[in-house]
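Grab your viewer and work through the exercises below. Try each task yourself before reading on to its solution.

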Amino acid sequence: MTNRVKKWYSFLDRMMREKMHVGDKMKYIWKRFQTYPFISIMLVSINCILFLLCQFSDESFYLKGSLGVHSIVSEQEYARFIYAMFLHWNLEHLFNNMILLLFMGSMLEKAVGHIPYVFLYFASGIGGGVLSVMIKAMN
């Protein structure tokens, strides 16, 4: 059993034994919930699942998420910016990105909160995609 799981069990045990008011218990649980990086964990999980789907299927996922200038500009497929955020070329690419997302993302999520973190994640991903397409269009 990991140290984090032991802490969670001891927290639950304390909550059951202490004679706290129900409202105080809920405030304490809410405070713990606010600091848990569940958005980062969820994003890592989604990325890993999509990577496995891409590896065991044809190239249709990668073709749907490619940031080709023609398909975005002339065919107006702007959803490709979001698709591209979740696609990874190989295991090294996935591993490096997910390690950074898990550790740095968790710290950022604790600092700014869950909802602003989601907006920041998508704004960064879409902004990176737009910048990539702009660079491709200039070349």
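**Exercise 1: the overall picture**

What percentage of the 139 residues of the protein count as buried? Work that out, then describe the fold and the surface.

Solution. Keep in mind that this is a predicted model. Start with burial: a residue counts as buried when its relative accessible area is under 20%, and 24% of the 139 residues pass that test. Next, the secondary structure: there are eight helices and zero strands, so written out along the chain by DSSP runs you get α-α-α-α-α-α-α-α. Then take the contacts with a sequence separation of 6 or more: 64% of them join residues 24 or more positions apart.

**Exercise 2: the core**

Which residues of the largest nonpolar core touch the most other members?

Solution. The core has 14 residues, and the ones touching the most other members are Leu43, Tyr62, Phe86, Met98, Leu101, Tyr117 and Tyr121. Now sort the core by element: α3 (38–55), α7 (91–112) and α8 (114–138) each give two or more residues. The largest share, five residues, is from α3. For a closer look, pick Tyr121: skipping residues up to four places away in sequence, Tyr121 touches Leu43, Asn47, Met85, Phe86 and Leu101.

**Exercise 3: a helix pair**

At what angle do α3 and α8 pack, and how far apart are their axes?

Solution. For α3 and α8, the angle is about 35 degrees and the axes lie 9 Å apart. On the α3 side, the contact uses Phe38, Ile39, Ser40, Leu43 and Asn47, while α8 brings His114, Tyr117, Val118 and Tyr121. Sort the residues of this contact by type and you end up with six nonpolar, three polar and no charged.

**Exercise 4: one histidine**

Is His88 buried or exposed, and what does its side chain pair with?

Solution. First find His88: look in the loop between α6 (80–85) and α7. His88 counts as buried because its relative accessibility is 4%. Leaving out neighbours within four places in sequence, His88 is in contact with Asn47, Phe51, Tyr62, His93, Leu94, Asn97 and Met98. Among these, Asn97 is the one to zoom in on: its side chain makes a polar contact with the side chain of His88 at 3.3 Å.

Terms used
Residues numbered from 1 in each chain as written. Predicted model: local features only at pLDDT ≥ 70, side-chain atom pairs only at ≥ 80, totals over all residues. Heavy atoms only, no water. Core = buried A, V, L, I, M, F, W, Y, C linked by side-chain atoms within 4.5 Å. Buried < 20%, exposed > 50% of the residue type's maximum accessible area, 1.4 Å probe, protein only. Helix = DSSP H or I, 4+ residues; strand = E, 2+ residues; numbered from the N terminus. Contact = heavy atoms within 4.5 Å. Axes fitted to C-alpha atoms, helices over the stretch in contact; angles between N-to-C directions. Nonpolar A, V, L, I, M, F, W, Y, C, P; charged D, E, K, R; others polar. Polar contact = N/O pair within 3.5 Å; in protein donor to acceptor, adjacent residues only side chain to side chain.
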